[in-house]
Amino acid sequence: MLLRQLEYLVALARERHFARAAAACYVSQPSLSAAIRKLEHELDVPIVRRGRRFEGLTPEGERVLLWAHRILAERDALRHELSAMRGGLAGTLRLGAIPTALTAASLLTTPFVERHPRARVSLDSLSSRDIARKLAAFELDIALTYLDDDSLGPVRRTPLYEERYLLLTPHDGPLSGHPLVRWASIAEQPLCLLSPQMRNRRIMDEYFAADGVPAVAPAIETDSVAGLYAHLTAGRWSSVISHAWLHMFGVPEGMRVIPLEHPAHGPRVGLVIADRTPEPVLARALLDTAREAGVREALDRLLDTYLHPAARPARSPGDTPPG
């Protein structure tokens, strides 16, 4: 069995099309098809369901695919360890992040690459369900997600920060003069929120319900933080945001942020890796970086800057706003 055959199988499962898989592997389609048939012969099991086009993998093929991911991940881990022994980490760190934590990812990836200039980062925005699946299937090295997610399976968790929720509302809105607001008061405003399929929104719905609002009805829902902020710049809508989003998007002109009455701290966000030995060397390097990056402190300082703008240093005309 050749590692190249396993690479072809992984590409075919990803692309679900022989020609596209062959193109992704820089080989001809007949070469890829022949290699997979040879793999079937060597393992003595059918791997691919064949018809006029690719129809998926057989149950045996799904199991072979899982091992293919594992074997290729172990090969890459070996290469990374050897590169570190030769004088510096090299290779690509496969990092997944839930969309609502993606805004803080650069607080980790930037110092990681600065510390390991020969390394690269492949950062994917993924649902918590996809993160759990890809970690188990050796398709990710490490992930940035909610740590209290029961679907993660056997993982090792490293906390980074707790979400702190804020009302983002127009300066001339009815709640803009309040030092603190309740979830029930927010529900009466014209709202733009994340969609219910987002874990962050489901967490917020629990807080609304705890304050007597069993079902909040936002006028606009979106499945991305960028989509949410695109509407907030109009100055008409209010939203509940995580303080981590301030790092990327800040506070739009004409709006202000107000703390919510409860909770003081929301769910924990952090890094998770599959509970297996040895740990991927690049994942371990990111964990080492995270311990020194001070993500929680950086986000808290940013939050304090926006909550107390009078203390913010005056900016020169060419300065870039925080976040």
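Does Arg49 count as buried, exposed or partly exposed? At 40% relative accessibility, Arg49 falls in the partly exposed class, where buried means under 20% relative accessible area, exposed over 50%, and partly exposed in between (1.4 Å probe, protein chains only). The model is predicted, so to speak on its own terms: local features need pLDDT of at least 70, side-chain atom pairs count only at pLDDT 80 or more, and totals for chains, interfaces and linings use all residues. Residues are numbered from 1 along each chain as its sequence is written, and side-chain values use heavy atoms, with hydrogens and water left out.Arg49 sits in strand β1 (residues 48–50); helices (H or I, at least four residues) and strands (E, at least two) are DSSP runs, numbered from the N terminus. Leaving aside neighbours within four places in sequence, Arg49 is in contact (heavy atoms within 4.5 Å) with Phe54, Glu55, Gly56, Leu57 and Thr58. Asp150 is 101 residues from Arg49 in sequence and 34 Å away in space, C-alpha to C-alpha.

Zooming out, the protein chain carries 12 helices and 12 strands, and its C-alpha atoms fill a box of roughly 70 × 45 × 35 Å along the principal axes. Of the 323 residues, 47% are buried. Among contacts between residues at least 6 apart in sequence, 73% join residues at least 24 apart.

Next, the nonpolar cores, each a set of buried Ala, Val, Leu, Ile, Met, Phe, Trp, Tyr and Cys residues joined through side-chain atoms within 4.5 Å. The largest has 76 residues, and the members that touch the most others are Ile142, Tyr161, Tyr165, Val240, Ile241, Leu246 and Leu271. Helix α11 (residues 281–293) brings the largest share of this core, 7 residues. Apart from that core lies another, of 22 residues, including Ala21, Phe54, Leu57 and Val64. Beyond four places in sequence, the contacts of Ile142 include Leu93, Leu95, Leu135, Leu271, Ala283, Leu286 and Leu287.

As for cysteines, a search of the whole structure turns up 0 disulfides, a disulfide being a pair of cysteine sulfur atoms within 2.5 Å. Cys25 is buried at a relative accessible area of 15%, and Cys192 is buried too, at 0%.

Then there are the pockets. On a 1 Å grid over the protein atoms alone, a pocket is an open set of points with protein on both sides within 12 Å along at least five of seven lines, the probe being 1.4 Å, and lining residues have an atom within 4 Å of a point. The largest pocket has a volume of about 910 Å³, volume here being the space filled by probe spheres set on the points. Its lining counts 32 residues, with His69, Asp76, Arg94, Phe138 and Glu139 closest to the centre. Helix α4 (59–85) gives the most to this lining, 9 residues. By class, the lining of the largest pocket has 15 nonpolar, 4 polar and 13 charged residues, where Ala, Val, Leu, Ile, Met, Phe, Trp, Tyr, Cys and Pro count as nonpolar, Asp, Glu, Lys and Arg as charged, and the others, Gly among them, as polar.

The second largest pocket holds about 310 Å³ of space. Ser127, Ser128, Gln197, Arg199 and Arg202 are the closest to its centre among 16 lining residues. The largest share of that lining, 3 residues, comes from α8, and its classes split into 5 nonpolar, 7 polar and 4 charged.
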